[in-house]
Amino acid sequence: MNAAACRSAFGNVCKDQKELIKLIHEAQSLSGGFELADLFPSKKILHGISGMKSKLMKARNKVDVVLNNIINVHRENRANGKSCNGESGAEDFIDVFLRIMESGEFPLPLTNDNIKAVILDMFVAGSDTSSSTVIWALSEMIKSPSVMVKAQAEVREVFKGKKTFDDETELEKFTYLKLVIKETVRLHPPTPLLVPRECREETNIDGFTIPLKSKVLVNVWAIGRDPESWKSPECFIPERFENSSIEFTGNHFQFLQFGAGRRICPGIQFGLALVTLPLAHLLYKFDWKLPEGINAKDLDMTEANGISARRQSDLYLIATPYVSPLD
Ligand code: HEM
């Protein structure tokens, strides 16, 4: 998944990919929003004592070095006449930015920081969100074999007789898999507290005063498991979305897994493709079971702390290659 996010953000699978992932995980666990210093934002001294600020600055500086390298390689290539650095031979995102920068055609000044912000956003927002969704989907399906069988039957029907499986037009044929993905993110939203907001005016909700400038976290993890909004909320039942109008558009407040309002995730369609295609491949190519001696009901489903709710422990499954009768 990181390779796909890398290709879309940087044009290529970059050599620093592993280092970047490590740094981003480090920064994500720092930015979960539950450090002492976060709870008392006006007490600047806490930021110093907790070491939070210096840890964040260190992580930021290391990420900056990697991103600068990527941009510099693009600059050098362009200076040597190679203006299309994408793996496919076309311009990649950074080439487009540099071209616009050089031409001066953009009405606002574009800086290296703007490029870094966009590519880092794409890399961070596109990697863990999609990989954690695929892993949670497999975790849930291994506990609900009938769902796995149904999803696999659909995928094997859609891919029947096909030589390649990367045709995006197939995506809409995965109607049941789409329900599986919705149900997976209902229980395991990759961004469980959305992106923090700041209260821009003092507000009163249900008798509680929310002071100006409060940091506001929307707990979509809890909303997705709220019995007032969902029947049997703790159960994994993809069929609950069948014939339901609930979508990822930010209009259904019980299901804000991609956020809402003007900060809603701009990568919804891309994110869904990044989840659906790899998951479909895994379901098509392999049959899955738990290692000997592990019972599905004992599978640890604990989520890790931090801004993204990945599995706390790795998921180990036995994959048996599936040979299609048409192969
Ligand atoms: C399963 C996949 C994904 C999920 C569940 C997801 C979810 C989210 C959520 C919940 C937010 C915060 C929205 C809010 O606070 O209202 C967000 C923001 C964002 N997402 Fe995604 N996302 C996914 C994939 C992607 C991908 C593939 C990209 C781009 C390559 C992307 C780019 C962004 C960006 C740039 C933001 C920040 C938007 C802003 O603050 O203005 N996301 N995403």
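Start with the shell around the ligand: by class, 14 of its residues are nonpolar, 10 polar and 2 charged. Here Ala, Val, Leu, Ile, Met, Phe, Trp, Tyr, Cys and Pro count as nonpolar, Asp, Glu, Lys and Arg as charged, and the others, Gly among them, as polar. This is a predicted model, in which local features need pLDDT of at least 70, side-chain atom pairs count only at pLDDT 80 or more, and totals for chains, interfaces and linings use all residues. Residues are numbered from 1 along each chain as its sequence is written.

Next select Ala125, Gly259, Cys265, Gly267 and Gly271, which come nearest among the 26 residues around the ligand. A residue counts as near a molecule or strand if its C-beta atom, placed from the backbone, lies within 6 Å of it. Helix H7 (112–143) and helix H11 (268–285) are the elements that give two or more residues to this shell. H7 gives the most, with 7 residues. Helices (H or I, at least four residues) and strands (E, at least two) are DSSP runs, numbered from the N terminus.

Axes are lines fitted to C-alpha atoms, for helices over the stretch in contact, and angles run from 0 to 180 degrees between N-to-C directions. Angles under 35 degrees count as roughly parallel, over 145 as roughly antiparallel, 65 to 115 as roughly perpendicular and the rest as oblique.

Now select helix H8 (145–158) with H11. Which residues of H8 and H11 meet? On the H8 side they are Ala151, Gln152, Val155 and Arg156, and on the H11 side Ala280, Leu283 and Tyr284. Residues are in contact if their C-beta atoms, placed from the backbone, lie within 7 Å. This contact divides into 5 nonpolar, 1 polar and 1 charged residues. The axes of H8 and H11 come within 9 Å and cross at roughly 95°, and the two helices are therefore roughly perpendicular to each other.

Stay on Ala151. Leaving out residues up to four places away in sequence, Ala151 touches Met141, Tyr176, Leu177, Val180 and Leu283.

Key
Two residues are in contact if their C-beta atoms, placed from the backbone, lie within 7 Å.
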